[in-house]
Amino acid sequence: MNKVILNTSEVQELVFANKYKVVEGTKFISRCIDGRYQADHNLPALAIAGADAGEMAVIFATANIYGFEVDNEKVFETLCKVVGGIKNLRFHTDEHAEAEVLMGGCGHIKNISQTPDDFKVTPAQVAFIKKKAKEAVGKGAVQEVLKGDHMEGAVLVITGPYGIFPQYVLKTSDGNITTQVFEFHKGLVDARHKVLVKELVKNKAVKLYEGCDEDYLYQVLSSTTEDHLMEIGGRLAKGLTIYSVAFEENGEFTLEESDKIQ
Ligand SMILES: [Zn+2]
């Protein structure tokens, strides 16, 4: 099936129909930017490339780029704590990948594994992430199996207290067409990072240089998150338009069209 490139009014329609309120108690549970998640009342709103495996990659890459030390095990423990326990960690694969290959159907993790240099992580760090993800899944963390093909036709960058189901059936003159969007929930990712940096410092998971504090860590983590998003965007979402979706408390939102992904 051919994917549909969504225009502004179609994105508007999708967001209006698919928005859902973020649940405060579970707001730090994540999912991937992948557009194939089904509408489900338990779907985490916090969309970040590679879900929690991608988050670990961001932390390790930040340490590599800015030259500070990390304690891998403590990074993992801290992330578990921030999401509310190991069972709340999220990873995913898809039905096309071999079942025994962990995260084999997650485009982001696949790309990081194949070209770690481009994401500023080492093969050893990638191996560590996979090892911990496997252990976590054995202890109740969720690896979701996404179904169907990729049909993402836009990229949404979201802020505010709502999530968006990424799949939507568009009614056109040619009949009903299933569409999808990639999503990055910047608002929730930033909120999680604010808590995460505090805990990383407190748990001594990172050893920052003299004079560098939590705020510094937050800034550099945010910067790497964006780098990773752009790196994977250039591979999986090339040519798609980025739309910013800003939600108000009451669910109203403004939609702004920005650049296309290069
Ligand atoms: Zn993924």
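Guide: Begin with how packing angles are read. Axes are lines fitted to C-alpha atoms, for helices over the stretch in contact, and angles run from 0 to 180 degrees between N-to-C directions. The model here is a predicted one.

Visitor: At what angle do helix 2 and helix 3 pack?

Guide: Helix 2 covers residues 51–66. Its axis and that of helix 3 are 11 Å apart. The packing angle is about 135°.

Visitor: How is the orientation of helix 2 and helix 3 to each other classed?

Guide: Angles over 145 degrees count as roughly antiparallel, and 65 to 115 as roughly perpendicular. The angle for this pair is about 135°. Helix 2 and helix 3 are therefore oblique.

Visitor: Which residues of helix 3 make the contact with helix 2?

Guide: Helix 2 contributes Asp52, Glu55, Met56 and Ile59. By class, the contact has five nonpolar, no polar and two charged residues. The helix 3 side consists of Val75, Phe76 and Leu79.

Visitor: Which hand does the crossing of helix 3 and helix 6 have?

Guide: Helix 3 spans residues 72–83 and helix 6 spans residues 186–202. They pack at about 135°, with axes 10 Å apart. That makes them oblique to each other, therefore neither roughly parallel nor roughly perpendicular. Their crossing is right-handed.

Visitor: How many charged residues are in the contact of helix 3 with helix 6?

Guide: From helix 3 come Val75, Thr78, Lys81 and Val82. They meet Arg192, Val195, Leu196, Glu199 and Leu200 in helix 6. The contact divides into five nonpolar residues, one polar, and a charged group of three.

Visitor: How many nonpolar residues are in the contact of helix 2 with helix 5?

Guide: The axis of helix 2 comes within 10 Å of that of helix 5, residues 123–138, and the two cross at roughly 145°. The crossing is right-handed. Ala53, Met56, Ala57 and Phe60 in helix 2 meet Gln125, Ile129 and Ala133 in helix 5. One contact residue is polar and none is charged, while the nonpolar ones number six.

Visitor: What is the radius of gyration of the protein chain?

Guide: The chain has seven helices and 13 strands. For its 262 residues the globule rule gives 18 Å, and the chain's value is close to that, so the chain is as compact as a globular protein of that length. The radius of gyration is 18 Å.

Visitor: What share of the residues is buried?

Guide: Buried means 20 or more other C-beta atoms within 10 Å of a residue's own. Of the 262 residues, the buried share is 43%.

Technical notes: Residues are numbered from 1 along each chain as its sequence is written. This is a predicted model: local features need pLDDT of at least 70, side-chain atom pairs count only at pLDDT 80 or more; totals for chains, interfaces and linings use all residues. Helices (H or I, at least four residues) and strands (E, at least two) are DSSP runs, numbered from the N terminus. Angles under 35 degrees count as roughly parallel, over 145 as roughly antiparallel, 65 to 115 as roughly perpendicular and the rest as oblique. A crossing is left-handed if the near helix is turned anticlockwise from the far one by less than a right angle, and right-handed if clockwise. Two residues are in contact if their C-beta atoms, placed from the backbone, lie within 7 Å. Ala, Val, Leu, Ile, Met, Phe, Trp, Tyr, Cys and Pro count as nonpolar, Asp, Glu, Lys and Arg as charged, and the others, Gly among them, as polar. The radius of gyration is taken over C-alpha atoms; the globule rule is 2.2 Å times the number of residues to the power 0.38. A residue is buried if 20 or more other C-beta atoms lie within 10 Å of its own, exposed if 12 or fewer, and partly exposed in between; C-beta atoms are placed from the backbone.
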